[in-house]
Amino acid sequence: LSAPSILVGLFVYEILVAPLKGFSGLAGSVALGLIAAPVITRTTEDVLRLQPTALREASVALGAPVWRTILAVIWKSAQGGMLTGALLAFARISGETAPLLFTALNNQFFSADMTKPMASLPAVIFQFALSAYDDWRRLAWAGALIIAVVVLSINIIVRFIAREKKH
């Protein structure tokens with residue numbers, strides 16, 4: 001959970017970028033996935049352990065096999081917490097710059113080809129924030145605001161959808 005993102009970027013650089021002799025969006029995706037996976041795993045594990053033992057016992061007492069109890073009862077009651085873990089991971093990787101600099105590099109132009117270097121908003125923010133131009137620094141702040149608004153919006157939308165499904 002606490003591995004520095006720059007080390008994750010270097011690791012993926014060594015296993016994907018260097019052997020394939022090129023930066024790519026795919027390598028960036030792998031790096032961000034490696035950062036997100038422990039957050040999702042740990043929160044899911046914690047939420048599943050927090051479910052009441054009585055809930056498990058009641059399901060098994062009614063004759064449900066253990067695998068069915070986990071799948072239909074425990075996971076169902078823990079869905080909100082598991083969703084929270086996924087949202088935490090998404091928020092964490094949304095602003096990551098270091099692993100993307102080592103894996104996806106940065107492309108000045110938009111590209112949807114995952115096998116080539118790709119532009120990313122965190123890398124552009126980093127580049128523009130260090131610029132000598134006032135306009136570029138203002139754009140860096142606008143980019144940071146965009147990331148914050150997107151993360152907040154996705155959290156609100158997912159929470160609203162999850163709340164609607166419960167009724």
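I started with K21, which lies in the loop between α1 and α2. The model I am reading is a predicted one. I looked up the backbone of K21 and found phi near 55 degrees, a positive value in a residue other than glycine. I noted this because most residues other than glycine have a negative phi. Is K21 buried or exposed? Its relative accessibility is 74%, and the cut-off for exposed is over 50%, so K21 counts as exposed.

Entry: L105 sits in the loop between α5 (98-103) and α6 (121-129). I read a relative accessibility of 34% for L105, so I put this residue down as partly exposed.

**Entry: α1 against α2.** I looked at the two helices on either side of the loop that holds K21. At what angle do α1 and α2 pack? I found about 135 degrees, with the axes 9 Å apart. Roughly antiparallel would need an angle over 145 degrees, so α1 and α2 are oblique to each other. I wrote down the crossing of α1 and α2 as right-handed. From α1, the residues in the contact are S5, V8, F11, V12, L16 and V17, and they meet A27, V30, A31, L34 and I35 of α2.

**Entry: two residues of α1.** I15 is found in helix α1, which covers residues 5-20. Its relative accessibility is 44%, so I15 counts as partly exposed. I looked up the distance from I15 to A27: they are 12 residues apart in sequence, and their C-alpha atoms are 9.1 Å apart in space.

Which residues is S5 in contact with, leaving aside its neighbours within four places in sequence? I found I35, E96, A98 and P99. For A98 I also noted the spacing: S5 and A98 are 93 residues apart along the chain, yet their C-alpha atoms are separated by 6.4 Å.

**Entry: α2 against α4.** Next I took helix α2 (residues 25-50) and helix α4 (residues 66-94), whose axes come within 8 Å and cross at roughly 150 degrees. That angle is over 145 degrees, so α2 and α4 are roughly antiparallel to each other. I recorded a right-handed crossing where α2 passes α4. The residues making this contact include L32, I35, V39 and V47 of α2, with W75, M82, L88 and I93 of α4 among their partners. I have the classes of this contact as 15 nonpolar, 4 polar and 1 charged residues.

**Entry: the largest nonpolar core.** I ended with the largest nonpolar core, which has 13 residues. Which of them touch the most other members? They are L32, I35 and I93. I noted that α1, α2 and α4 are the elements that give two or more residues to this core. The most comes from α2, with 6 residues. In soluble globular proteins, nonpolar side chains tend to be buried together.

I went back to I35 for its own contacts, leaving aside neighbours within four places in sequence. My list for I35 is S5, V8, R92, I93, E96 and P99.

Technical notes
Residues numbered from 1 in each chain as written. Predicted model: local features only at pLDDT ≥ 70, side-chain atom pairs only at ≥ 80, totals over all residues. Heavy atoms only, no water. Axes fitted to C-alpha atoms, helices over the stretch in contact; angles between N-to-C directions. Helix = DSSP H or I, 4+ residues; strand = E, 2+ residues; numbered from the N terminus. Parallel < 35°, antiparallel > 145°, perpendicular 65-115°, else oblique. Left-handed = near helix turned anticlockwise from the far one by under 90°. Contact = heavy atoms within 4.5 Å. Nonpolar A, V, L, I, M, F, W, Y, C, P; charged D, E, K, R; others polar. Buried < 20%, exposed > 50% of the residue type's maximum accessible area, 1.4 Å probe, protein only. Core = buried A, V, L, I, M, F, W, Y, C linked by side-chain atoms within 4.5 Å.
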